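Here's a quick tour for anyone meeting this structure for the first time. Have a look at the chains, then read on.

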Amino acid sequence: MHVIRVLFVAGLLLTLLLADAAAAPDGEALYVEHCAACHRLGGQGGIGLPLEAGKLANVSDDYLRKTVRVGRPGRVMPGFQRLSDAQVDAVVAFLRTQTATVERTFAEAPVPGDAARGEAVYVEHCQRCHGADGSGEGEGTGVTMSRERSFLVMPASISNRGFLASASDQMIRRSIVVGRKGSGMPAFGSGKLTDREIDDVVAYVRAFEIQAVEPEPLDADQRPTHVYESPYDFETTVENVKLALTGANFRIFPDRLLEQGLIDEFSVNTRQIGVRFCNFNVLYGMLKIEPRLGIVLPCRITIMEQPDGQVILVVPNLRVISRWFNNDELVGLWDRMEESFIEIIEEVTL
Amino acid sequence: MNRRIYRVLGALALLSMAGVAQADNMLMSRIEMRAEIVLEYVKSSIEEHGYAIAHLQLCDGGMKDFGYPSDVYRVVFFGKVEEVRKISADYPELVTYLPLKLAVIAEKDETLLTVLNPEALAPYYADEALQIQLGRWHNDLQSILDDVRRATAKRIAARQ
């Protein structure tokens, strides 16, 4: 009887597995689930760049597939390694249907340009938007929505490892020739640049691949938070934290107990307090770079009295947290901010 | 014998769930509706999932007060007191991530919902009980986002 029950459950699970494998992936559903939050449902672009017909008509399906797979390291877009090939194909097919475009194929042959000559052309025609290092000028990514930025559509990072791994020379060449409608990228074909100049710029852009540096990985001992023991009692520690934060030019919000709002005020643990703080000027600048920061805001140092009387301070590790956003601009800023956090804690626990 | 059968069943169950599990560091959803309205759906869904709303952070109001204009930008803090108590006792270093937070970000007439995937913390801890808790939060957060998407889709469809 027991064996029959086990076999029945196993059969049920196998059926589910096989049914899942047999069902054709739904590209639209996958797009809504994985892409729409950043690129918007109609592909108009948000945190992510627009995926409109003007762009898609000039790229290959291979470029789209590779882009989905490898993403844009350090530029918000993750690489979707867990999707199956069929699922990636379904997303690409959905994009083709949505934009009413067909794949443009490109020859594999590299463009025979001269990167040294291309530098001068790049500096004159491309650098203003794409930056000297090709990483895209201006703060943030995607399309300006609720935050003011210097460009309506942020120029793409053409030195990004993910872009260069996805785009063939011939595809980059075509982008330069025909531009990107709606993004502000002009067309440099039709005599604006000669064929040789365009080839040279492609070679210059391709050379970014050699310069692309992988960010240093975090030390293995880095944890998502720091925990410090305070040599002082609870009240003194809380006061010290506030003084140190004020001295570091942070605005302090009213205290909040960790359990506050989750239980009635008479039952709440009053020996666990979050000192919340913010520098609005810094925050405003950071939100331009990374609009999703709210999920770790406001900055907070939690002070808790342990059952043995020891007071501890729990501080977010910004080096770890910033890397969850896949946003190199944020990582650079928060690595520096982490140092000021450590100074504050040293002052508090001195 | 029994142990082997259960191991096989466990492996099959894990395989059948693999298509659903996503270990992205954040969970996001876009709703074609204004943020002020979406916020109400979010609060309802959070409560329907058994969480209490601890408070609402008005980031846009704070920024505006200091001369930095912003569209609607709110953060909803929510949790279950028994979970917060257990975590603060067993893993005090994790209180930084409690209560849970969900950001409601206006992008013109659309709304972006974003939440940190608690499973981003999983690689730092080997403890099985904590892994289960992080997985449970992940499932709840994904379910909250899905419910909001479904509920608002009905309203959007009715509007058209």
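## A first look around

Let's start with one residue: B:Gly61 sits in helix α3 of chain B, which covers residues 59-65. Keep in mind that this is a predicted model. Is B:Gly61 buried or exposed? It counts as exposed, because B:Gly61 has 12 C-beta neighbours inside 10 Å, and 12 or fewer is the cut-off for that label. B:Gly61 also pairs up in space with B:Tyr73: the two are 12 residues apart in sequence, and their C-alpha atoms are 8.3 Å apart.

The model's scores are ipTM 0.83 and pTM 0.83.

Over in chain A, the domain assignment looks like this:

| Domain of chain A | Residues |
|---|---|
| domain 1 | 19-99 |
| domain 2 | 115-211 |
| domain 3 | 225-349 |

Between domain 2 and domain 3 of chain A, the C-alpha centres are 40 Å apart.

Now for where the chains meet: 45 residues of chain A are in contact with 54 residues of chain B. On the chain A side, the elements giving two or more residues include α1 (2-22), β1 (225-230) and α13 (280-289). Which element gives the most to that side? That's α1(A), with eight residues. Sorted by class, the chain A side has 30 nonpolar, eight polar and seven charged residues.

Key
Residues numbered from 1 in each chain as written. Chains lettered and ligands numbered in written order. Predicted model: local features only at pLDDT ≥ 70, side-chain atom pairs only at ≥ 80, totals over all residues. Helix = DSSP H or I, 4+ residues; strand = E, 2+ residues; numbered from the N terminus. Buried ≥ 20, exposed ≤ 12 C-beta atoms within 10 Å, placed from the backbone. Domains from an automatic or database assignment. Contact = placed C-beta atoms within 7 Å. Nonpolar A, V, L, I, M, F, W, Y, C, P; charged D, E, K, R; others polar.
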